Amino acid sequence: MTTKPQRQLTRAQRTTVVYGVLCFVLILVVLQLWLLTATMNAYLDDDDAVVWPALGASAGCLLLNLGLMRSLLRR
Amino acid sequence: MPDDPQTRFEQDRAIDPRIDSPEREGLTGTTRGNIYEPATDPEDVTVAPDHRPMTAQPRWRRDFAIDWPEDDYVARRDFAKFLVLISGAFVAGQAWIAANSLIRERRAPPGRKRIASLAALPLGSATMFAYPGDHDPCLLIRTRDGKLLAYSQKCTHLSCAVVPEIDRGILRCPCHEGIFELATGRNLAGPPPRPLPAVELEVVGDEIFAAGVKERTR
């Protein structure tokens, strides 16, 4: 069984991939910022219903970000 | 056996040796042969910021040459790390809100507290009381039409004491000219970002009791 050779990307190609990943991470961070402000607003209004779902969603974004960063550091 | 069917079958199925040649691994099309080799991208060649050749560069730059394009590339990766750090900080903030929410849920309700009697509070007047703690100043207001209202006295901007102006129908914060509506406690003007917390009242006979505090954002 032969392994498929890994294609070597040029630096320009790698940079494009890095930009793509960066954009995605940035969108997720902005989403987390919105979640934090919306949750704080609800909490100050005595509404605790959104607190735990928002924490879960934010933690999910963090996991996704960590995965993207890992793929970026491997590249 | 030149006409052995098994041998003929294996010859037909065998990989063309040209495909596995060093320059054409796995390729049958017209792709360039060195596609799996490290590319010679113009960016791969380090050029000093002044674009002069390395031999014309000062000694320190020759000794500590920096790969400028690679430096940019690493900076982007560091930016990604920084973004992920911010992402972690946001999750920590969410966890802090969740922990406070749990503490608030488990905290015993403040309980009922007598704050004044109707007889001692004429129409169009106000009095101060502390609720739920001794350091939580509140205002009890009796409007000209006999309605009872109670709010926290701490302005939601910077916790200055608000002053009731019953005839104008407002509560005014003198520190930064914050204005709240007397009838609802909502922030009308100035820097306060939220309405005043409302104190729930119960009237039993002639006595007025505070029975809870309602935090609001609108």
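Biologist: What share of the contacts in chain B with a separation of 6 or more comes from residues 24 or more positions apart?

Modeller: That share is 31%. Keep in mind as we talk that this is a predicted model. The predictor gives the complex an ipTM of 0.88 and a pTM of 0.59.

Biologist: How confident is the predictor in chain B, in terms of average pLDDT?

Modeller: The average for chain B is a pLDDT of 82, and 78% of the residues score at least 70. Where pLDDT is low, the coordinates should not be read in detail.

Biologist: What makes β5 and β8 of chain B edge strands?

Modeller: Start with the sheet they belong to: 4 strands in the order β5-β6-β7-β8 of chain B, open, with antiparallel pairing. β5 (163-165) and β8 (187-189) each have a single partner strand, so one side of each is left without a neighbour in the sheet, and that puts them at the edges. On average, neighbouring strands here are turned by 35° against each other, direction ignored.

Biologist: How do you know that β7 and β8 of chain B are paired?

Modeller: Pairing requires at least two bridges, and 2 bridges join β7 (residues 178-181) to β8(B), with the strands running antiparallel. Across that pair, B:Ile179 is opposite B:Ala189.

Biologist: Why is B:Leu171 called buried?

Modeller: The cut-off for buried is 20 or more other C-beta atoms within 10 Å. B:Leu171 has 27, so B:Leu171 is buried. This leucine sits in strand β6 (residues 170-173) of chain B.

Biologist: Which residues does B:Leu171 touch, not counting those up to four places away in sequence?

Modeller: B:Tyr151, B:Val162, B:Val163, B:Pro164, B:Phe180, B:Leu182 and B:Leu196. As for B:Asn187, 16 residues apart from B:Leu171 along the chain, the two C-alpha atoms are separated by 9.2 Å.

Biologist: How much of chain B is buried?

Modeller: Buried residues make up 17% of its 218 residues.

Biologist: Which members of the largest nonpolar core touch the most other members?

Modeller: Those are B:Cys138, B:Leu140, B:Ala150 and B:Tyr151, in a core of 19 residues. Two or more residues each come from β1 (113-117), β3 (137-142), β4 (148-152), β6 and β10 (207-214) of chain B. Another core lies apart from this one, with 18 residues, including A:Val25, A:Met69, A:Leu72 and B:Phe90. In soluble globular proteins, nonpolar side chains tend to be buried together.

Biologist: What is B:Leu140 in contact with, leaving aside its neighbours within four places in sequence?

Modeller: Its contacts are B:Ile115, B:Ala116, B:Leu121, B:Ala126, B:Thr127, B:Phe129, B:Ala150 and B:Ile208. Two of these turn up again in a strand pairing: B:Ala116 stands opposite B:Ile208 in β10(B).

Biologist: How many bridges join β1(B) to β10(B)?

Modeller: There are 4, and the two strands run antiparallel. β10(B) also pairs in the antiparallel sense with β9 (residues 198-204), over 7 bridges. There B:Val203 faces B:Ile208. In the hairpin of β9(B) and β10(B), 2 residues lie between the strands, and B:Gly205 takes a positive phi near 65°.

Biologist: One last thing: what makes the peptide bond from B:Tyr131 to B:Pro132 cis?

Modeller: Its omega is near 0°. B:Pro132 is located in the loop between β2 (125-130) and β3 of chain B.

Methods:
Residues numbered from 1 in each chain as written. Chains lettered and ligands numbered in written order. Predicted model: local features only at pLDDT ≥ 70, side-chain atom pairs only at ≥ 80, totals over all residues. Axes fitted to C-alpha atoms, helices over the stretch in contact; angles between N-to-C directions. pLDDT = per-residue confidence, 0-100. Buried ≥ 20, exposed ≤ 12 C-beta atoms within 10 Å, placed from the backbone. Contact = placed C-beta atoms within 7 Å. Core = buried A, V, L, I, M, F, W, Y, C linked by C-beta atoms within 7 Å.
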